[in-house]
Amino acid sequence: MKIIILGAGQVGGTLAANLASEANDITIVDKNEHFLRDLRDHLDIGVVVGHASHPTVLQQAGIEDADLLIAVTSDDEINMVACQIAHSLFKTPTKIARIRSQEYAQYPGLFRNEAMPVDVIISPEQIVSQHITRLIEQPGALQVLDFADGRVQLVAVKAYYGGPLVGQELRFLRKHMPNVDTRVAAIYRRNRAITPTGNTVIEADDEVFFIAARADIRAVMSELRRLDRPYKRLVIAGGGNIGFSLAKNLESKYSVKVIEFNPEQAHFLSSQLNSSIVLEGSASDRNLLVEENIQDCDVFLAVTNSDEANIMSSMLAKRLGAGKVLTLIANAAYVDLVQGGEIDIAISPQQATIGSLLTHVRRGDIVSVHSLRRGAAEAIEVIAHGDNKSSKVVGRAVEDVDLPEGSTIAAIVRQSQSEDGKAQHEVLIAHDNTMIESGDHVIVFLVDKRYTQDIERLFQVGFTFF
Amino acid sequence: MPLDKMLSANRVACHMPCTSKKRALEALAELIASSVPTLNAEDLFSQLINRERLGSTGIGAGIAIPHCRFATGGASICAVMTLEQAIDFEAVDNQPVDVIFAMLVPEDADNDHLQNLAALAEALQIKQYPNTLRQAQTSHDLFDAATKPFVN
């Protein structure tokens, strides 16, 4: 696939690195030559220096042949204009733009081919804040991924001594919880993946990925570890885009305090937020944290735009008695250093964002892609199309689908019409004899992303599909 | 299959200078739209692209048969294009494609249309047929070569 990326910043750069390894033809455009030189030194990609939305620059990048334009410069306006130009002059089939400002993003009617032709809007800040919100809503989870609009969730937890299932074979899960259906999609033991079968024994410290309907998540989690109490008190360090949207999402259900360094921004926050308490000051100010009773807070969230500030304030908060600390860390090398030590969960904004872009790069009718385990693994929601003849999955039982190594069909979400014409969704946890139908949303877990292509091929329709 | 009714002399194009799958489908949509004024090239292009997304119609040996359902007013419409240079089409055998035989069927298409598609695929798998298409130098030759095996 020919892909043009506008903007060689953090998102653009990570994206290029992720895609370059997948046999794509990539050209990246930026006005800053240094960024480009850096990227070109270690990646097999084309680069063009220039103003990203200028037609001649786009032409130099090969827009006429491109299947996909991803506009992720730091300017919303440049991103939108580039998509407009790609559409009007070059008929680029898929156009993705990063749009940060909620001012634009709140008018969905704006983004259609007749008006502002952007097919997909991504806002990394929104994605990260939703990612964190889900973690807050499922205490004890290391990762929570939504599928089929949140009807199904894939959750990663660490198994602990004391969880009823720890030391038992997976098949006992059924007996323990006859009314709850779940499937363990993958187990990581000492950082190596194990493909789970009925006789796999769960050990303490295993990282277990399981899938279940959203309402059942806590029940399943309780089998693997002592449950954390639901969180109540949150402290958010950093009131930028992410901190602000987190506070807004969470303030109705939790007691939220936001610490913001910049007086103007703090003022803005306090005028925009309802029940959150906004504190002007530094999150690494020991006295401030003590005064605000950090020892009583259930979760400390460090979400400033500086990794170092986030790590330091998190460690301090933890030492001072914060229950859990969640830390935003952009630098992948730091993530390895700190996670599992004093920092409970490190969140990589790139990894959270990359999935929403990969969704549009992958072939087939892909609904979502989530990149996991620092990009090594992937969870994919894909729609099966066709029939017995034109598809390799439709009309087959899960056990008969020729899945590549290390991949599991975890669940299926089936849409049907109820009598009054409303769409109904049925969550089917995959068992060996579950049949796949056309239109099913199939959720697949891949331990090794190298097999992504095999999954794409598996779900592609045959030639005879109209 | 009544290919002579589905194809017309103004829906064939020889040795097109397209350099990518995207541009080939774009040119194809324009070719078809210019011969049938009621069809909109942009809509057609996006339909063809959407169909390709679900799975490539490159059937191997340098041949692709892009097809989709479209508001054609009840008719099946074909078009043929050969390319100056073979292009990547994500075909099943990963070989580049230089013969493109498009087929649009009406939205309510039934089994007959599927059989037409199967017949076309079968014909194109006999080597000689696509080779005569490749050799054609003018639209006129290409049209003759394309319809020849289907004239009873």
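Buried residues are those with under 20% relative accessible area, exposed residues those with over 50%, and partly exposed residues those in between (1.4 Å probe, protein chains only). The legends below describe a predicted model, in which local features need pLDDT of at least 70 and side-chain atom pairs count only at pLDDT 80 or more, while totals for chains, interfaces and linings use all residues. Residues are numbered from 1 along each chain as its sequence is written, chains are lettered from A and ligands numbered from 1 in the order in which they are written, and side-chain values use heavy atoms, with hydrogens and water left out.

View 1. Helices (H or I, at least four residues) and strands (E, at least two) are DSSP runs, numbered from the N terminus. In a regular strand the side chains alternate between the two faces of the sheet. In β4 (residues 68-71) of chain A, A:Leu68 and A:Ile70 point one way and A:Leu69 and A:Ala71 the other, and all are buried. Two strands pair if DSSP finds at least two bridges between them. Strand β1 (residues 2-6) of chain A runs parallel to β4(A), with four bridges, and A:Ile4 has A:Leu69 as its bridge partner. Four bridges in the parallel sense also join β4(A) to strand β5 (residues 94-98) of chain A, where A:Thr94 is the bridge partner of A:Leu68. From β4(A) the chain passes through helix α4 (residues 76-90) to β5(A) in a right-handed β-α-β crossover (clockwise from the first strand over the helix to the second, with the strands pointing away from the viewer).

View 2. A salt bridge is a side-chain nitrogen of Lys or Arg within 4 Å of a carboxyl oxygen of Asp or Glu. The closest N and O atoms of A:Asp25 and A:Lys2 are 4.0 Å apart. A:Asp25 is partly exposed, at 42% relative accessibility, whereas A:Lys2 is buried, at 13%.

**View 3. The interface of chain A and chain B.** Contact, defined as heavy atoms within 4.5 Å, involves 24 residues of chain A and 29 residues of chain B. The buried area, which is the accessible area (1.4 Å probe) that two parts lose on being put together, summed over both, is about 2100 Å², and carbon and sulfur atoms give 56% of this area. A:Lys91, A:Phe463 and A:Phe466 supply 43% of the area that chain A buries against chain B, more than any other three residues. Four salt bridges cross the interface; one of the salt bridges in the model joins B:Glu30 and A:Lys91 at 2.9 Å, N to O.

**View 4. The salt bridge of B:Glu90 and A:Arg363.** The side chains of B:Glu90 and A:Arg363 meet at 2.8 Å, N to O. B:Glu90 lies in the loop between β5 and β6 (97-105) of chain B and A:Arg363 in the loop between α14 (349-361) and β18 (366-372) of chain A, so the pair joins two chains. B:Glu90 is partly exposed, with a relative accessible area of 23%, and A:Arg363 is buried, at 17% relative accessibility.

**View 5. The salt bridge of A:Arg450 and A:Asp448.** These two side chains meet at 2.6 Å, N to O. A:Arg450 is exposed, at 66% relative accessibility, whereas A:Asp448 is partly exposed, at 22%.
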